[in-house]
Amino acid sequence: MRRFQPWLVFLVLVISAAPLRAQDRAQDRLNVVASFSILGDFVRNVGGELVSVTTLVGPDGDVHVYTPAPADAKKIADAKLLVINGLGLEGWLPRLLQASGSKAPIVTATDGIAPLKLGSDADPHAWQSVANAKIYVGNIRNALVTADPADAEIFRANAENYLTKLDALDREVRAAIAQIPQNHRKVISTHDAFGYFAAGYGIDFIAPLGVSTESEVSARDIAKIITQIKKSGIPAVFLENISDNRLMRRISAETGARVGGTLYSDALTDEKGVAPTYIDMVRHNIKALTSALAK
Ligand code: ZN
């Protein structure tokens, strides 16, 4: 009979631990490109240490009117997975994809979300409802599992953990809105970025610009909004981190509605800002809304 060989057990352990150690090395991380900062944050939460995330439109950037740089084609060409919002948000993407020659699979994070319409256009800002953000995270988890099946269990556990945080965030939003008297639940924002937030949580948003910051605002639209603010006694207008604020300051001056602060609509801030993550962004927005309206 052969004798038990302790060195054999040792060898088996070393061999089975090797793949895990390899994953720790940066060059082995799955290279994921997200079209803008909010998606990048979702990917980081689900992918954790196993992914390296690059975003095309960075902090405080306006994804509606983005002009891709040559470096973006290179980023996409090197990607193993491309995460986009869809619903017409990334109008600049098809040309960029063609220029890059990328073969990376593309996941549309809004798949399965029933889009709101504004006129004939789909409203792309689905992430502004936390319930929708959970659908984004589910789609991203599934795409990461497909791209790297060996690490499926880790992606599933990370997603589960993050989804629990999003459930808590959703409760926080509802509790914050409940503090605002019913007749104060009206605000003016720069562009129509908060349709899903409005539908999900019961605050009316009125905006001089449409669902895209690309649209021009006419003198007539501004006059209409000014009349509306005066008539319904809307207490506050909000600035946005991605937009030029002169229009909102003018509306505030002409109506006496206070500037209630800045809402983070389509982009996170950098690490030093007030909204470097999606959860920080939503928390900042509900704080700005309640401090302007809950009196
Ligand atoms: Zn927008």
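Modeller: Before anything else: domain bounds here come from an automatic or database domain assignment. For this protein the assignment gives domain 1 (22-171) and domain 2 (175-293), and their centres, taken over C-alpha atoms, are 25 Å apart.

Biologist: And the ground rules?

Modeller: This is a predicted model, where local features need pLDDT of at least 70 and side-chain atom pairs count only at pLDDT 80 or more, while totals for chains, interfaces and linings use all residues. Residues are numbered from 1 along each chain as its sequence is written, and side-chain values use heavy atoms, with hydrogens and water left out.

Biologist: How many residues does each domain bring to the contact?

Modeller: Domain 1 brings 38 residues and domain 2 brings 30, contact meaning heavy atoms within 4.5 Å. Buried area is the accessible area (1.4 Å probe) that two parts lose on being put together, summed over both; for this pair of domains that comes to about 2,600 Å², 60% of it on carbon and sulfur atoms. Asp60, Gln128 and Leu169 supply 26% of what domain 1 buries against domain 2, more than any other three residues.

Biologist: How many salt bridges cross the interface of domain 1 and domain 2?

Modeller: Zero by the rule, which asks for a side-chain nitrogen of Lys or Arg within 4 Å of a carboxyl oxygen of Asp or Glu. The structure as a whole holds nine.

Biologist: What makes aspartate 167 and lysine 134 a salt bridge?

Modeller: Their closest N and O atoms are 2.6 Å apart, and the cut-off is 4 Å, so the pair qualifies. Aspartate 167 sits in helix H6 (residues 152-178) and lysine 134 in helix H5 (residues 130-147), 33 residues apart. Helices are DSSP runs (H or I, at least four residues), strands likewise (E, at least two), numbered from the N terminus.

Biologist: Why is aspartate 167 called partly exposed?

Modeller: Buried means under 20% relative accessible area, exposed over 50%, and partly exposed in between (1.4 Å probe, protein chains only). Aspartate 167 comes out at 30%, so partly exposed is the label. Lysine 134 gets that label too, at 30%.

Biologist: What separates arginine 250 and glutamate 254 along helix H9?

Modeller: About one helical turn, because they're four residues apart in helix H9 (residues 246-255).

Biologist: Over to the zinc ion. Which residues coordinate it?

Modeller: His64 (NE2), His125 (NE2), His191 (NE2) and Asp266 (OD), at 1.8 to 2.0 Å. Donors are N, O and S atoms within 2.8 Å of the metal (3.2 Å for Na, K and Ca), and water isn't among the atoms, so sites may look incomplete.

Biologist: Why is the arrangement around the zinc ion called tetrahedral?

Modeller: Four donors count as tetrahedral if all angles lie between 85 and 135 degrees; four count as square planar and six as octahedral if opposite donors are over 155 degrees apart and all others between 65 and 115, and anything else is irregular. Here the four donor atoms subtend angles of 96 to 123°, so the arrangement is tetrahedral.
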